[in-house]
Amino acid sequence: MQWQTIYKKEMLDHWRHFKWIWVPIVFILFAVMDPLTAYFMPIILESAGNVPEGATIDIPTPSVGEAMIMSFNQLNMLGVLIAVVISMGLISRELSTGVYELILSKPVRYSHYMTAKFTAMMTLLSVSIILALITGWYYVTVLFGDLAFTQLLTSAIFYIFYFMLILSIVMVFNSFLTSPGLVAFLSIFTVVVLNAFTSIFDHVITWSPMLISDYIGTYIFSGEIETDLYFSTGIAIIISLLLLWLSIILLKRQEMH
Amino acid sequence: MAIMSANYLTKTFQGHTVVDDLSFKLEPGKCVALLGPNGAGKTTTLRMLAGFIKPSQGNIQFNEEQFAKDIRHYVGYLPQYPVFHNWMTGEEFLIYVGKLAYLSKNEAKTKAHELLDLVRLSDDKQKRIGKYSGGMKQRLGIAQALMHDPQLIILDEPVSSLDPIGRREVLNLIRELKKDATILFSTHILNDAEEVSDDILLLNHGKLLKQGAIQEIHSQQETKTIYLAFQDEPKFIEERLKEFNSVFNIKRENTGFAITVHDVNEARAQLLEVIQSEGWNLTKFEVLSASLEDIFIKAVTE
């Protein structure tokens with residue numbers, strides 16, 4: 001009841017601030033941008049006209065799988081960036097402006113406050129990711145060839161858990177910092193460090209959640225879900241829940257004066 | 001029976017003691033002013049009582065219960081600078097806050113409308129809070145504190161940041177609430193305390209200096225002031241008056257003399273007698289009780 005109240009209010013907040021409109025649109029743009037450019041690049045170059053006479057342009061057309069992976073890669077970079085930016089102030093802004101004083105002076109459970117905000121943002125991100133990938137899939141299948149829709153949908157669901165991990169990292173920094181900018185910076189810094197760490201030791205830590213999109217790539221090519229994908233997604237879920245739990249504790253211990 | 005008792009409250013922030021061994025009780029139906037200069041620890045005290053921050057030592061009891069639940073159930077709190085979700089309307093915000101305090105949707109709605117009437121915001125309930133004036137926000141802040149029918153209403157500097165009109169509105173509102181609620185509010189404006197509160201708590205450097213009913217504190221004062229004014233100023237008046245042992249101090253003011261005395265009755269008799277015998281043309285004779293301001297300054301500077 002109390003949890004639903006906060007969840008609904010968060011959804012209304014996202015709606016009134018037009019996040020339900022621009023976030024899906026931006027995600028969709030990210031997802032279709034690369035496959036479209038890859039397809040039209042030869043045509044664009046040809047019609048540009050300043051190619052020397054007789055020169056042949058031979059850009060290999062990407063395969064269906066490669067094109068679909070382009071969508072994921074864009075979301076991996078820019079999508080994560082947007083996700084961090086729209087959630088950087090979820091709690092930290094309330095802490096710095098003082099809204100939290102009115103909310104938390106009511107008998108609100110800190111866990112409700114934290115998880116309802118988290119879930120509302122996750123709803124927005126999941127819907128945006130799925131819409132973006134479906135649109136990307138539509139263009140890819142029209143332009144490059146066939147790819148099973150269920151395969152795309154399965155990939156998208158695995159991919160959502162990667163964003164869950166990102167968001168839980170943002171929530172930890174939200175729970176004790178009052179500057180949204182700093183929250184965003186530290187969250188992105190953490191993701192970069194984890195990525196670097198994973199790519200250095202990727203033979204040892206094959207279960208790193210940072211490899212989820214790589215494993216989704218192999219799944220799209222082969223059509224077989226590797227155990228590593230299950231494994232890294234499971235780890236992502238466990239770490240997310242631990243981080244959420246940590247952020248609830250940090251928020252409770254937060255004492256402003 | 002006290003509805004709330006604070007027992008030996010102490011709060012230390014990074015080795016710095018902000019509130020120091022504070023004990024007091026609040027009686028039901030009283031309006032209590034927490035007075036003190038800036039930095040006296042008023043806000044920290046109120047935040048502890050509102051269940052926001054935990055005391056480093058001591059405890060807070062409601063209704064003399066031994067194992068109290070979350071004290072936020074008992075308290076309605078208005079912070080010094082209330083900040084709302086500006087994108088919500090006044091009505092939406094009240095309903096939201098009511099539901100957070102476990103009211104059902106219908107209960108929250110009914111209560112919200114009732115309170116919007118009380119704080120005279122019914123006409124603006126559909127407006128976004130971002131468009132409210134300072135006074136309107138403060139009144140909405142009071143309304144949100146009342147949403148879950150708390151036993152104790154805590155208001156942190158409810159009028160300090162308002163213009164005279166807003167101040168008047170909020171003071172009237174407090175006077176109205178006083179009829180059936182227990183209120184604890186902090187202020188450094190002594191007039192406000194004198195105007196609406198029954199009791200005062202005087203705080204400085206985190207310590208409780210004085211507490212009690214306003215009249216009681218007034219009557220405890222050792223010195224009183226008699227104010228004299230004359231048509232034309234008598235010669236040697238200061239020298240003449242200083243002879244009396246009841247006169248403690250004479251201060252020349254714009255239109256007359258403020259005379260601090262120990263014993264009003266004795267001083268009155270002596271003063272009137274000398275005025276009579278000297279034939280000074282008196283235009284004003286007034287016995288002033290020491291203002292809360294005098295008491296405040298005296299207690300704080302001691």
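The model is a predicted one. In chain B, helix α4 is largely enclosed by the rest of the structure, because 10 of its 13 residues are buried. Helix α2(B) packs against α4(B) at an angle of about 25 degrees. In chain A, helix α3 has a kink of about 35 degrees.

**Helix α4 of chain B**

- Helix α4(B) runs over residues 134-146 and has 13 residues.
- From its first C-alpha to its last, α4(B) reaches 19 Å, close to the 18 Å expected at 1.5 Å a residue.
- Among the buried residues of α4(B) are Lys137(B), Arg139(B), Leu140(B), Ile142(B) and Leu146(B).
- The cover over these buried residues includes α5 (99-104) of chain A.
- From chain B, the cover includes the strands β5 (75-78) and β6 (152-156), together with the helices α2 (90-100), α3 (105-118) and α5 (164-177).

**Packing of α2(B) on α4(B)**

- The axes of α2(B) and α4(B) are 9 Å apart, and the angle between them is about 25 degrees.
- Angles under 35 degrees count as roughly parallel, so α2(B) is roughly parallel to α4(B).
- On the α2(B) side, Gly90(B), Phe93(B), Leu94(B) and Val97(B) take part in the contact; on the α4(B) side, Leu140(B), Ala143(B) and Gln144(B) do.

**Helix α3 of chain A**

- Helix α3(A) covers residues 64-87 and has 24 residues.
- Its first and last C-alpha atoms are 33 Å apart, close to the 34 Å expected at 1.5 Å a residue.
- The kink in α3(A) is centred on Asn76(A).

How values were computed
Residues numbered from 1 in each chain as written. Chains lettered and ligands numbered in written order. Predicted model: local features only at pLDDT ≥ 70, side-chain atom pairs only at ≥ 80, totals over all residues. Helix = DSSP H or I, 4+ residues; strand = E, 2+ residues; numbered from the N terminus. Expected span 1.5 Å × (residues − 1). Buried ≥ 20, exposed ≤ 12 C-beta atoms within 10 Å, placed from the backbone. Contact = placed C-beta atoms within 7 Å. Bend = angle between axes of the 7 residues up to and from the residue. Axes fitted to C-alpha atoms, helices over the stretch in contact; angles between N-to-C directions. Parallel < 35°, antiparallel > 145°, perpendicular 65-115°, else oblique.
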